[in-house]
Amino acid sequence: MVLLTPRIHWYEINDQSWFPSYLRARVQAGLTLMWTVNLPIIQPSSPGELVAATLQRVLGKRISDYTFVDFCAGAGGPTPYIEKDLNARLGFTKPPSETSYANGNTVSLPVNFVLTDIAPHIEAWKEAQLGSPTESLQYIDYPIDAANAPRNFLSPVTRKGQSQKVFRLFFLAFHHFDDPLATQILENSIETSDGFAIFELQHRTFSSLLTCTLMWPLLLLISPFYFWRDPGFLFFTYIIPIIPFVLVVDGYTSSLRTRTADEIRTMVGGGGKGGIKGWKFRSGSEVHTYPIGEMSWFIGTKES
């Protein structure tokens, strides 16, 4: 991977206080669609499904040891889709009381996912929760600061027999933090959780910038099929194309702000050689859209 530039911490339009909340919600909806859409031929699976497959492959049988907590859930993002796909991969498609274990499944309960944010989106999370076939999507209804998270916040949303080991998730979020805040979040993750994963759909590469550019024609192509009930989304996509403009420009900015695995290892205290005592760090990348779209991931797990 050839990097175009050192990390540049520019700011994204959709993060600005002056950007209308009406448009922000629709830009976020467009971004969530990019996580969940599955285009024939060039996408064997959606990026969200790729996340579920990566977690299952990397964590293996230990995957049931954790409750997965999205610390920057926003209005829900891809987490509801990832919860559904991961539990389906584990053989769970119904709530625990209705689930049959006759096929030799070694996981006794569906894996639990929890939505949190420093600014909770309660109504959106309630709606997302209703879409979980296994009733395994929960939320915390008060602010959780990823840089200063309490240790026992999962108790109110944990099923009997469900693990309270916290596995933090950051989906297209970690690049938003400047270096001091990102370091605090990693330190707090090491102190108060049992694992964490950072997933990004972009890099500081030319191919990433090209992939971001292609979001504009892609949105023009597929929006009528996904947002036909939202005239505002269609108006600000086709008539005044603010939504595709913001997605592309913010995509460029996100690319230039994304950290490499080595940069994250250095921040977490592992240098370039792989770890701090009691923790194991792994990283990699997967193609989410052929031939140029790549998803990078960095996963840390407590081993003792």
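User: What gives the most to the lining of the second largest pocket?

Analyst: In this predicted model, β7 gives the most to that lining, with 3 residues. A residue counts as lining if it has an atom within 4 Å of a point of the pocket. Other elements that give two or more residues are β5 (195–200), α10 (261–268) and β6 (279–289). The lining has 16 residues, and His-203, Arg-259, Thr-260, Ala-261 and Ser-296 lie nearest the centre of the pocket. The volume of the second largest pocket is about 180 Å³.

User: How do you know that β6 and β7 pair, and in which direction do they run?

Analyst: Two strands pair if at least two bridges are found between them. Between β6 and β7 there are 10 bridges, so the two strands pair, and they run antiparallel. Val-287 stands opposite Glu-294 in β7.

User: Why is β6 called an edge strand?

Analyst: The open sheet has 7 strands in the order β3-β2-β1-β4-β5-β7-β6, with mixed pairing. The strands β3 (137–139) and β6 each pair on one side only; therefore they are the edge strands. From one strand to the next, the twist averages 20 degrees.

User: What makes helix α3 a helix that packs on the sheet?

Analyst: Contact requires heavy atoms within 4.5 Å. Helix α3 (residues 79–89) touches β1 (66–70), β2 (113–115), β3 and β4 (165–171), so α3 packs on the sheet. The direction of α3 makes about 175 degrees with that of β2. Helix α4 (residues 122–130) lies across β2 and β3, at about 165 degrees to β3.

How values were computed:
Residues are numbered from 1 along each chain as its sequence is written. This is a predicted model: local features need pLDDT of at least 70, side-chain atom pairs count only at pLDDT 80 or more; totals for chains, interfaces and linings use all residues. Side-chain values use heavy atoms; hydrogens and water are left out. On a 1 Å grid over the protein atoms alone, a cavity is a set of points where a 1.4 Å probe fits but cannot get out, and a pocket is an open set with protein on both sides within 12 Å along at least five of seven lines; lining residues have an atom within 4 Å of a point. Grid points are joined across faces, edges and corners, and a volume is the space filled by probe spheres set on the points. Helices (H or I, at least four residues) and strands (E, at least two) are DSSP runs, numbered from the N terminus. Axes are lines fitted to C-alpha atoms, for helices over the stretch in contact, and angles run from 0 to 180 degrees between N-to-C directions.
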